[in-house]
Amino acid sequence: MTARSGLHPSDGRWITVGLGASLLIALGLPLIVALLWSFMDPATGWFAPDILPPSYALDHWEWAARNGDIAQALLLSVGIGLAVTALTALLALPTAYALAKLPFAMKRAVELFILAPLIVPGIIVAVGIGTIFFRLDLAFSIPGVILVQTVGTLPFMIRVLAATIEAIPNDLINAARSLGAGPAAVARHILIPLAWPGFVAGGLLTFISSFEEFEKTFIIGSPFVQTLPVILWGYLGGRVMVFPTAAVVTFILLVPMLIVFFLAERVLRDDVMAAGMGKL
Amino acid sequence: MSCKTAIVSGLIALSVPFAVHAVEPVGADAFNVVSPVDLATLTPENFEVTLLPAALEDGKVVFYDFTESFTPLFAENLIPAFQAKYPGITIEYFSVDGEKSIQQLMAAKDAGSPSPVDVFFMPNGQARVANEAGIIANLPLNTMLPAAPDLDQMAATVSRGYTHGGVVVPFHRNQTAIGYDTRTVSAEQVPETFEEIMTFATANPGTFAMTSPAGGGSGGGFLESAILAMATPDCVAQAQDFSLTKEQAVEWAKGDCLDPVMAYFTALKPLIEITKGNTDTLTLIANGVATVGTVWEDQAFDFVGRGLLPPSMRVTLLETGQVGDGDGIMIPAGSQNVAAALLFVNFLLSDEAQVMKVSLNGSRTARTGLDLAGALKADMANRLVPTAIHAERARPRIAGVVSSAATDRFVVDVLQQ
Amino acid sequence: MRRLPQGVVAALLVLPSGGYLALFFGLPLLLAFLGSFGLYARGGDGGFTLRHYADLFGTQAYRDGLVFSTYLAIVPTLVSLAISLPLAMGLAQTFPGRKLFNALYKVPLVVPGIVAAFIVMTLFDRGGLAARLLTPIGIDLPKIVRDDWAVGVIIATAWKAVPFMTLIIGGSLGAIQKDIILAARTLGATPLTAFWRIQIPLALPGITAAFLLTFIGGMGAFAVPNLLGPVYPLPLSVHMYVNAFERNNWGLVAAMGTMLSLISVLVLLAYYRTTRSLRTAYGGEVR
Amino acid sequence: MSQITLTGIAKAYGTSVAIAPMDLTVADGEFLTLLGPSGCGKTTLMRMIAGITLPDQGAIRINGRDMAALPPEKRNVGLVFQSYALFPHMTVAANVGFGLKMRGIARDAAAERVRAALALVDLEPLAARYPRELSGGQQQRVALARAIVIEPDVLLLDEPLSNLDAKLREHLREDLRNLQQRLRVTAIYVTHDQAEAMALADRIIVMDKGRIVEEGAPVDLYRAPQTRFAAEFLGQTNVVAVTAAGLLPWNTGVAGPADGMVSIRPEDIAVTPALDGAGRVLSLTFLGPAVEYRIDIGGTVLRARDSGTGTAILPQGTQVDLTLRVPPHPLQGVA
C-alpha cells in the first residue's frame with residue numbers, strides 16, 4: 001500500500017524527527033548551557049565572543065559540596081514536599097469522595113471555593129497569611145511552610161481524586177457495604193486501592209509544586225526555612241545574579257525532581273491527571 | 001579613602017574626641033533592648049570584660065546578611081575567626097532578603113514576639129523604615145564600640161541620607177562609579193562628564209548601559225550624581241538637607257530643580273540601554289555589548305574576582321563627582337542575645353575584620369584610622385577606583401527621600417515616555 | 001445502625017479541606033480585601049479609606065502595571081496554546097520513541113520559573129550565547145530581554161507552560177472517543193476539519209481550563225518578569241513586592257492584590273460563560 | 001449501483017493475523033452480514049472498507065474504483081458505529097447534517113434532506129435535542145439517519161444493535177431491513193448474534209480467526225452447514241460422530257457418511273416415550289414454546305427440542321425413543 005495522509009501515517013519517523021529536533025532546542029540546549037555555566041572556570045570567566053568557556057573547573061561544584069546549606073536545603077525540600085503531599089492527600093480524600101459520590105446542596109459553591117486558591121495569585125495569599133501565622137506562632141517555621149503550600153496544592157488533589165472516585169462504580173461500594181464493610185473499611189479496601197491512580201497523579205503534582213514553590217515559601221519561611229528555590233533566589237533573583245552558582249543549584253534541584261518524575265511516569269496515567277484538570 | 005572621609009567630616013563638621021562616653025540611648029530616654037548588663041555603665045575599657053560572661057550565657061548570635069556577595073567573607077572567614085576568638089559563642093548565619101527581613105522584624109514586633117535575629121547587616125536604604133518602626137535597638141553604636149573608635153561620624157550617623165544618630169554602624173562603604181571594559185574602550189575614551197557621556201552615546205548608540213534608578217543602586221547613584229552636576233547650588237543644598245520630610249522631598253522633585261536633569265536623561269535615553277538592575281549592567285559588559293556602564297565599585301570588584309567580569313574591567317568616577325554610601329549593621333530592638341550581639345558587632349568593626357573584608361571584597365571602610373593600602377595586592381588595587389580620583393570625586397549621597405522622589409519622577413518623565 | 005442524613009455526612013466530609021481553606025485561604029484573603037480599604041491593615045491607621053484605590057488608579061505606573069500584568073497573562077498563554085495544541089495532537093500519534101518523548105516533554109514542569117528566566121537570559125540577552133552563535137552567520141537577533149514587548153518573559157513563561165497545557169489538552173483530546181472522530185471522517189471530514197469541528201469543541205473544557213490556569217499563573221508571576229521584562233512598565237506583582245517590602249505600603253499592596261484577584265475572577269466567569277453550552281451538552285454536567 | 005470487491009485483502013498486527021488473505025464480493029443492493037465471534041476479524045474487514053484501517057495487501061474496489069489512495073472522507077461510505085459515535089456537542093439535526101455540510105450541500109437543500117432522513121427513522125420531532133437527551137434506541141436511529149443521509153455507496157453497520165435490550169433490538173432490526181430494502185443500498189452488517197444475522201441478511205459470511213469459514217444464504221447455512229464451526233455458531237446443534245459402519249449410535253436404521261461427523265438440530269429430533277427406549281431423559285428445560293431435553297443415549301448426550309404445544313412433558317428419567325425428522329447433515333473436515 002502506498003503511504004497516504006490520513007489516520008495512520010505509515011511513517012511516524014517524521015514526527016520523531018520533528019519532535020526530537022524541537023526537544024533538543026527547547027530542552028537540550030538550555031540544559032547544556034546551564035551545564036557549561038556550572039563548569040565555568042572563575043580564573044578565566046566566559047565572555048563574549050566565546051561560544052564555549054575557554055577552560056573548565058570544578059570550583060562551583062566543589063563549593064556546593066562543601067556548602068552544607070545546599071545539602072540541608074535539598075533534604076528540607078524533599079521532606080517538606082513529602083509532608084505537603086501526605087497532608088494534602090489526607091485532607092483531600094473525604095472531600096473528593098463527597099464531591100464525587102454524594103448529592104448535597106451548594107455543591108457547585110463548594111467546588112468553586114475549593115478551586116479559588118488556583119484563581120488567586122500565590123503572592124496575595126502569602127502576604128495575607130503571614131499576619132495570621134504570626135498570631136499562631138507559625139511564621140518562619142517548617143510547619144508554617146507546609147501549611148501555606150498545602151493551600152495551593154489542595155485544589156489539584158481534590159479535583160484529581162474526585163475525578164478518579166467518580167469513575168469507581170457505585171455498585172462496588174454498595175457490594176462492599178452489603179458484605180458488611182463499614183465506611184472505614186470501604187475507604188481502606190475499596191476506595192483507596194481503586195483511587196490509587198488519582199493519588200499517584202495528584203501526589204506527583206503536589207510534590208512537584210511543593211518542591212518548586214517559591215513565592216509562598218519565601219514570604220512565610222525565609223530565612224529560617226531555606227528550601228532550594230529560596231536559595232536559588234539568592235543567586236538569581238534578589239540582589240545579584242551569579243550564573244555559575246545558580247547553574248549548580250539548578251542541577252542539584254533538578255536531579256531529584258527528574259528521578260521522582262521518571263519513577264512516577266511509570267505508574268502515572270495522563271488521563272487521570274487530565275480528568276481532574278480537564279474542566280474547572 | 002581617608003581623603004574622602006576627610007571631606008565628609010569637613011562637611012558636617014563633626015569631630016569625635018577619643019574620650020570616654022557614657023553609653024546613652026539614641027533619641028530616647030530609655031533603651032529599647034533588654035540587656036543582661038547595665039548598658040549605661042559600659043565604657044570602651046570594660047566593654048569586653050563586662051559583656052563576655054553574659055555573652056557566653058547567650059551562647060549564640062543569629063546573624064542576617066542581606067548581601068549575596070559577602071557570603072564567602074562571612075561564612076568562610078569572619079565567622080570562623082570570631083568563633084575561634086570567643087569559643088562558646090556560635091554565630092548562626094543566614095543570607096536573607098534585606099527588605100523582606102525588615103518586614104519580618106516589624107511583624108514580629110507587631111505580634112509582640114522577640115526578634116528572630118540578633119545582628120542584622122541591613123541595606124542602608126531601609127534604615128528610615130526600620131528605625132521609624134522602632135525595630136532598631138537605640139544603642140549608640142557609632143561611639144560605644146571600642147574596636148572602632150575612629151568611625152567617620154557622618155557615615156556612622158546617616159544612612160542613605162537619613163539621620164538615625166548612630167544606631168546603625170557602617171560595616172562597609174561603597175561607591176557608585178563608571179565601569180568600562182578595556183577590551184573595547186581605552187581609558188582615554190571613557191567619558192568623564194555628563195556631556196561626554198552624551199557625546200559617547202551619540203557616537204556609539206546602545207553601548208552605554210545605565211542601571212534604572214528604580215532597579216538598582218548604581219542607577220540611583222548615577223541619578224544623584226547628575227543632580228549634583230546639573231541642579232543649581234540652591235537645589236543641591238536642599239537635596240542634601242537630611243531633615244527633609246517625605247512630603248517636602250516630593251515637592252522638591254516636582255519643582256524645577258530636576259528639569260535640566262530630566263531633560264538630559266530624556267535626550268540620553270534613546271542612545272543607551274537602560275537595565276533593570278546592577279547585575280544586568282555588568283552582564284551586558286561581560287557580553288561585550290556594553291562598553292561603559294553605571295556600576296557599584298565593590299560589586300564590579302567582586303565580579304571580576306569570580307570570573308563574571310573580564311579582568312580588563314576598570315572603574316572610575318565622573319569629574320563632577322559620584323555619590324557613595326555603604327551599608328550598616330544594627331542590633332534589633334527585640335534581640336534576645338544583646339551581649340553576644342554587641343561582642344560580634346564590635347568584632348566586625350575591628351581592624352582585623354575590616355582588613356580581611358577589604359582584601360577579599362575590595363569594599364571600603366568607614367574607619368578613618370586604618371591604612372588599608374597594604375592589604376591590597378596590585379591586581380586588586382587595579383579593580384578599584386584609583387585612590388587619587390576617589391579622593392577628589394567621591395561624594396556623599398543626597399537625602400534618601402529626595403533620591404526616592406527623584407527616582408519616581410525619572411520613572412514618569414523618562415521611562416514612561 | 002443509626003444513619004446520619006446524607007447532607008450531614010457530606011458536610012462532615014467537606015469539613016477538613018473546606019475548613020482548612022477557609023482558615024488559611026479565605027481569612028487571609030478577607031484580611032487583604034479589608035486592608036485595601038484601610039481596615040485592619042498593617043501600618044494603616046484603621047479607618048475606612050479609598051485612598052489606596054485612588055493611589056492605584058491615580059498613578060500611571062500602576063495603571064500601566066495593571067495593563068501589563070494582563071498582557072503578561074494573555075500573550076504567553078496564547079503562545080503556549082499555539083504550541084501545545086499541535087504538540088498534544090502530535091503526541092497522540094504513534095511514532096518511534098513516543099514513550100520517551102512523552103516523559104521528556106514534561107521536564108519543564110519540574111524546573112522552577114526562575115531557572116527558565118536564567119536560561120533565557122544567558123541565551124538571549126544582548127551578546128548572549130544565541131547572539132554569539134548567530135551573529136557570525138549574519139543573523140542579528142532583535143532585543144529579546146528587557147524589550148518593550150516582553151518577548152523574553154513570553155519565551156520563559158511559555159517554556160514552563162507548554163508541558164502543563166499539553167498534558168491537560170492531551171488528556172482532553174485523548175478522552176474523546178475515537179469512534180467520534182472516525183465517524184466525522186467517514187462522513188466526509190478531512191483530518192483538519194475533524195480536528196476543528198469535532199476535537200477542538202469536545203476538548204474545549206480542557207483547553208480553556210489549561211488556558212485559565214496558565215493565565216492566572218501569568219497574572220501573578222513575579223520572578224520571571226522581574227528578571228526579563230522591560231524597564232517600564234513593571235507588572236503589578238512587582239509593584240506589590242516593592243510596596244510591601246521596600247516601601248512598607250501594605251494598604252496599596254492589598255488594593256493591588258484585590259484588583260489582580262478581581263481580574264482573575266472575571267476571567268473565570270468568562271470561562272464559565274464560554275463553556276456553559278458545552279458543559280450542558282456534553283458530559284451531562286447538570287448538578 | 002454499488003458493487004464491492006475485495007481481492008487478496010490481508011492484515012496483520014505484528015505477528016497476529018487479523019485478516020488472512022481473502023477475496024469477497026458484495027453485490028449491488030445486497031445485505032451482507034459478517035458473523036463471527038469477537039476477534040474474528042469482521043470489524044477489521046469492515047473498517048478496511050471504510051478506510052479507517054489500511055490493509056497490508058490486496059485491493060478494495062467499490063464499483064470498480066480502487067479505494068487504496070482514498071482516505072475515509074473520500075470513500076462515500078456510511079458507517080454506523082456500535083457506540084453510535086454521535087457528536088455530543090451537536091443537536092440531532094446537526095449530527096445528521098454534518099456529512100452534507102462536509103459535502104458542501106447548500107443549507108436549504110441539506111435541511112430538507114436532514115428532515116427527510118429523520119422522518120425515515122421517525123425522529124423528526126427530536127431534531128433540536130442533544131444526543132444525551134435521547135434514549136439508546138433513539139441514538140441508534142440518529143446514527144443510522146446520519147449514515148444514510150449522505151446517500152452512501154455502501155452502508156456499513158458495526159454491531160449497531162448490540163447495546164440495546166432484546167425487545168428493542170428485534171423491533172429495530174425489522175426497521176433496518178425494511179429501510180435497506182426501500183433504499184436499495186448495499187449494506188454490510190457486522191454482528192456476533194446469529195439470530196440477527198439470519199433475520200437481516202441476504203447472505204451471511206461466517207468468519208473465524210481472520211478467515212471466511214463459510215458463506216451462504218441464511219437458510220442454506222442453517223440447514224446445511226458445511227463445517228462444524230458454522231453449524232455450532234448458527235443456532236444450537238448436536239454434533240455426533242458416525243460409527244465405523246456408517247451408522248448413528250442409537251438408530252441402526254439411519255445411514256450417515258462413513259467415518260464422519262453429522263449435525264443434528266435439536267428441533268429435528270422427535271422424542272417419544274417408550275418403556276424399552278434406548279434413551280433416557282437426563283434433564284429438561286421448559287422454554288415456553290418448546291421443551292428442551294437432555295437425553296442420554298448409549299453414552300452420548302443429545303439435546304432435543306419438542307414443540308411445547310399439546311404433548312405431555314416427559315419427566316426426568318423417562319425412557320424414550322428418538323427419531324429424526326430429517327436426515328442428519330454431514331459436516332466436512334472435522335476430526
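Trainee: In strand 4 of chain D, what is the bridge partner of Leu6(D)?
Mentor: The partner of Leu6(D) there is Ile60(D). Strand 1 (residues 4-13) of chain D pairs with strand 4 (residues 57-62) of chain D in the antiparallel sense, over 5 bridges. Two strands pair if DSSP finds at least two bridges between them. Strands are DSSP runs of E with at least two residues, helices are runs of H or I with at least four, and both are numbered from the N terminus.

Trainee: What sort of model is this?
Mentor: This is a predicted model, where local features need pLDDT of at least 70, side-chain atom pairs count only at pLDDT 80 or more, and totals for chains, interfaces and linings use all residues; side-chain values use heavy atoms, with hydrogens and water left out. Residues are numbered from 1 along each chain as its sequence is written, while chains are lettered from A and ligands numbered from 1 in the order in which they are written.

Trainee: Back to strand 4 of chain D. How many bridges join it to strand 5 of chain D?
Mentor: There are 2 bridges to strand 5 (residues 65-66) of chain D, and the two strands run antiparallel. Arg61(D) stands opposite Asp66(D). The hairpin of these strands has 2 residues between them, and Asn63(D) takes a positive phi near 55 degrees.

Trainee: What is the strand order in the open sheet of chain D with 3 strands?
Mentor: The order is 11-12-18, with antiparallel pairing. Strand 11 (238-241) and strand 18 (329-331) of chain D are the edge strands, each pairing on one side only. From one strand to the next, the twist averages 40 degrees; axes are lines fitted to C-alpha atoms, for helices over the stretch in contact, and angles run from 0 to 180 degrees between N-to-C directions. Strand 11 of chain D is joined to strand 12 (residues 261-264) of chain D by 4 bridges, and Ala241(D) stands opposite Met261(D).

Trainee: New topic. Why is strand 11 of chain B said to be largely enclosed?
Mentor: Because 9 of the 9 residues of that strand (residues 322-330) are buried. Buried means under 20% relative accessible area, exposed means over 50%, and partly exposed lies in between (1.4 Å probe, protein chains only).

Trainee: Which strand of chain B runs parallel to strand 11 of chain B?
Mentor: Strand 12 (residues 394-396) of chain B does, joined by 3 bridges, with Gln322(B) opposite Ala394(B). Strand 6 (residues 169-181) of chain B pairs with strand 11 of chain B in the antiparallel sense over 6 bridges. Strand 3 (residues 119-122) of chain B is also antiparallel to strand 11 of chain B, over 3 bridges.

Trainee: And Leu282(D), where is its place?
Mentor: Leu282(D) is in strand 14 (residues 279-286) of chain D. Leu282(D) is partly exposed, with a relative accessible area of 24%. Neighbours within four places in sequence aside, Leu282(D) is in contact (heavy atoms within 4.5 Å) with residues including Arg294(D) and Asp296(D). Leu282(D) and Asp296(D) are 14 residues apart in sequence, yet 6.4 Å apart in space, C-alpha to C-alpha.

Trainee: Last one. Which chains have the most contacts between them?
Mentor: Chains A and C, among the 5 pairs of chains that touch. Chains B and D do not touch, and their nearest C-alpha atoms are 48 Å apart.
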